[in-house]
Structures are given as C-alpha cells and as structure tokens.
Amino acid sequence: MKQALHPIMFAGTGSDVGKSIVAAAFCRIFRQDGYSPAPFKAQNMALNSYATPEGLEIGRAQAVQAEAAGIACHTDMNPLLLKPQSDHTSQVVLNGKPIGSRDAYDYWRRSAPALRKEGTPKPIDFRAEVCSAFDRLASRYNPIVMEGAGSISEINLRDTDLVNLPMARHAKADVILVGDIDRGGVFASVYGSIALQTPEDRKLIKGIIINKFRGDLRLFDEGRSMLEKICGVPVLGIIPYFKDIHIEEEDSVALAQKSFEAQQGKVNIAVVMLRHLSNYTDFDSLEQDPRVHLFYTNNVDDILQADIVILPGTKSTLHDLYELRRNGCAQAIVRAHREGASVLGICGGFQLMGGEVCDPDHVEGDIERLPGLGLLPTTTTMGGEKITRQVECEYGKGYEIHMGETQPFGNAKASPLLHLVDGRPDGYIVDNKCMGTYVHGILDNAAFVDFLLQPFAAKSSSAPLDYAAFKETQYDKLADFVRRNVDMDRIYKILTDHD
C-alpha cells in the first residue's frame, strides 16, 4: 500500500504562470506512480466550464486535471465557480449550481466568505463550503493536487481569500510557488510573493518551480542559487517553455495565442470571436485535426474566406447578438452561408442563428428582444433554470450548460440535429451546411467532425484524428516532460516529511 502523501498546492506569482498545466502534470505523475490523485481548486473564475456526470457545473481546468488523474470529475474538485457576466458582475456557481450574480466590489471587498443566497434567509459561509468540499475529496483520494488562483501576494484581499494560502492552511498542504520566467521579473515576483506572506503562511511554501524557461537551462544555474539564497526556499525544478504538448486551457489569456487568419490547403474553420465567448475548449479537437485550420476572428473579410463558420457559446447571447449586428459580422455570416460556407452554432451560438432571441424577464440584461441571424427557423426565450448535464447522442458524448429554451418558429417543423439517447431531440438542421446544437463537446466526436467536414472532403487528404487517444498521449508527454525537469525525489520527501 502506498504511503499517504500530504496535499500539494501549486500557487502562483500571478495569473497565467502555468499553475493549471503543472497541476495537471502532477495529477498524471501521481497516477503513473500508483497513487490515487484528485485535483482541487476551491474557487475558480472562468467562462469555460464543464458538466459533471451528476449534471453539475465546474471549471474546465479541474475537469481536465481529473481526466489526467484518470477519474471522473466532481463538484468537490471546484466547489465555487465564478463566471464573469460583465466587467463588474459574475454568476456564482456553488457546488455545481448557480445561486445568483454578485457585484465584484461586494464579493471581493465586503463579504466574500459569507454571502446570502437569493431567496434564502441565511447567508452562505463560502469558506466553510469550500473547506467541506476539500475534506470530502481528501477522504476519497490521495494526494489532493491543489491549485491556487492568480497571485498569492494580493495582500489587500487576504481576509477574503478562499483559494490560496488560507485554503492551504486548512488542508495542511505543502505549497509549491510557480513563477513565470518568460514574462520577466521572476526574481522580484518570486521573492516578493514569499516576503509578503505572514510568517505562518511563509512556512507553508516548501519549494519553487520556475516555469516557461527558454534556452539553455545551464544559464540559470547561478540564478537558481541566488533565488534559493534570497528566498530561503529550494528551487525544485525549472520547466522549459514548450509548444509541442497540447493540453486544454481555460484561461482567457490562452485565447490570445490562437490563430487569427485563414490558410491554404486545408478546411478553413472560422470561430466568430464574440465579446462574451465561452467554452472555447469546444474547438481544441479541431485545432489538432490535420485536415483543418481553425482560426478566431470578428473580421468581415476573414469570415467570408472560411469554409465553415462556427458561432460559439456566449455568456451574454443578446449583447453579443447586438454587437454582431453593429460590427457587420451578422451580415457577413449570412452572406458566407449564401455563398457556400457551412454554419454551425453551439449553445449560445445556436440561439444566435434563429429568427429571434427574447428575454422578457431580463435574465441577461436590459435588452428584451432582438432579431437573430435568421439562418434557422427557431426562436429562443431566455429564462428558466440553468440546464447542466452530460448527454449522449448518435455521434457520441457531450454536455449541456445553458439557460433558455429554443423552439421551432411559427409553423416550422422540428428538424433536430441530434437525437439524444434519453429520447430528447437537440438542435436544428436545415441542410448539412446549416445547423445548431446545445451540446458542448460534440466536436470531440470523430463521427460528428466527419459529418461537418464532409462537404469539403476534397480539400484535404489527411486522416481524421482520434481525439481521446490524442489527449491521453498528451497527458503522458506532459508528465514525462515535467518529471524530467523537476526533482521528484525531493518533492516526494517534502510530501512525506513530518514537521
């Protein structure tokens, strides 16, 4: 029987330093080494989310980390999820269910640990909720691979922090600080992050990992010694920058690194860059498909060059519909379809393709109704409870996360794109080049991708991609890469030492 390990937390000097990827790597490493790891992030802020087998919602990063660990995802892995709705408000999802929206100032400055759920007399103690989720998870798995959020040195938010060192204290976790050398200033950011902690929290930080190093690692030998000396904490690894390992990422910063123009010799797929775009991990499989070049754009001319136009999910359907009409993209999408392009809408994108979108109860905001793109004879009414569930259809598996209901418009007959195994129809299809669906993850299924690409099959002779096998290979490549560049013996010693 394997010796029990302490929980390990990968905290960061800032956002996008690579915490999620490093945590995923260690989930796979511990699994390879015979342990039963599980990921945990007390509070996550992301537009990319995922439906658990129970039909509840968590951040996509923890679903990816669970996949790397070889286990089903669960809300205990991410009990608190904030989904931005605007620059100032977020939908709050607790234990997989939305409980309302919160203003950022009220959440972060006034009473984050205890907020009142709409319609209930007692405030919710969020700190107690996330700690309980961790305790349940820790009773079933070992080790727990924890991820912090943003920077651990936001001392102005220390009293309301639910996810970084206060969570590590509860978990009795060993904290590894991850710093990004590629952005510059790594000495200041690592040293400052440690120096700004209370003496109690400083003791929790057992090591440093320098991430995204470019060039010859030997050039940092002196820097490593200097960093250890000024911080009083060992550098446990220096992970080189890589581009040849592909792991799904949920951070919006990752979206900025995507391709933004068409290419010759492949099926060009344009994902329309909506202002409130969500769940862009829907397209990771297409990005790896050798038959396809996928790019993101809100440029009218680029849309007209695409073979396939995809309208993605959105956190604000009506506001994005208004923007598409204002910037000319709506007209370009309709014209592209008229000139032979396929159009696929997923979730909010499916809603946009209909004849109208209505919001009589102001679920999304002040706009009560807008005409849609008119590509599908459907009407959508926002409202009702949020639907979150995993589904299966004739093409394979996926998941739903949406609000609102879409029905055939007027006398239009139902023409579902998908037939779910529970008997429900989903989506709408006019022909094999104009369709919409509520199912996220449908593009992870090779059979559906083949159907989507079929009208343009002559443009590429490459073989299709087995995306499930591809992902497993990538997790193993990531684990091997990180294992080669960190001191695993020393990390295991830290995780078994009794202070």
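Guide: What follows is a conversation about helices, a sheet and a few single residues.

Guide: This is a predicted model, in which local features need pLDDT of at least 70 and side-chain atom pairs count only at pLDDT 80 or more, while totals for chains, interfaces and linings use all residues. Residues are numbered from 1 along each chain as its sequence is written, and side-chain values use heavy atoms, with hydrogens and water left out.

Visitor: Why is helix 1 called roughly parallel to helix 2?

Guide: The axes of helix 1 (residues 19-32) and helix 2 (residues 60-69) come within 7 Å and cross at roughly 20°. Axes are lines fitted to C-alpha atoms, for helices over the stretch in contact, and angles run from 0 to 180 degrees between N-to-C directions. Angles under 35 degrees count as roughly parallel, over 145 as roughly antiparallel, 65 to 115 as roughly perpendicular and the rest as oblique, so a crossing at roughly 20° makes helix 1 roughly parallel to helix 2. The helices themselves are DSSP runs of H or I with at least four residues, strands are runs of E with at least two, and both are numbered from the N terminus.

Visitor: Which residues make the contact between helix 1 and helix 2?

Guide: Contact means heavy atoms within 4.5 Å, and here it is made by Ser20, Ala23, Ala24, Cys27, Arg28 and Arg31 of helix 1 together with Ala61, Gln65, Glu67, Ala68 and Ala69 of helix 2.

Visitor: What makes lysine 212 buried and histidine 362 partly exposed?

Guide: Lysine 212, in strand 13 (residues 205-213), has a relative accessible area of 16% and is therefore buried. Histidine 362, in the loop between strand 21 (356-358) and strand 22 (369-371), has 37% relative accessibility and so counts as partly exposed.

Visitor: Is aspartate 201 buried or exposed?

Guide: Aspartate 201, which lies in helix 7 (residues 199-202), has a relative accessible area of 3% and is therefore buried. Not counting residues up to four places away in sequence, aspartate 201 touches Leu165 and Arg169.

Visitor: Why do strand 17 and strand 29 stand at the edges of the sheet?

Guide: The open sheet has 6 strands in the order 17-15-18-20-30-29, with mixed pairing. Strand 17 (292-297) and strand 29 (428-431) each have a single partner strand, so one side of each is left without a neighbour in the sheet.

Visitor: How do you know that strand 29 and strand 30 pair?

Guide: Two strands pair if DSSP finds at least two bridges between them. Strand 29 and strand 30 (residues 434-437) have 3 bridges and pair in the antiparallel sense, and aspartate 431 stands opposite cysteine 434 in strand 30.

Definitions and conventions: Buried < 20%, exposed > 50% of the residue type's maximum accessible area, 1.4 Å probe, protein only.
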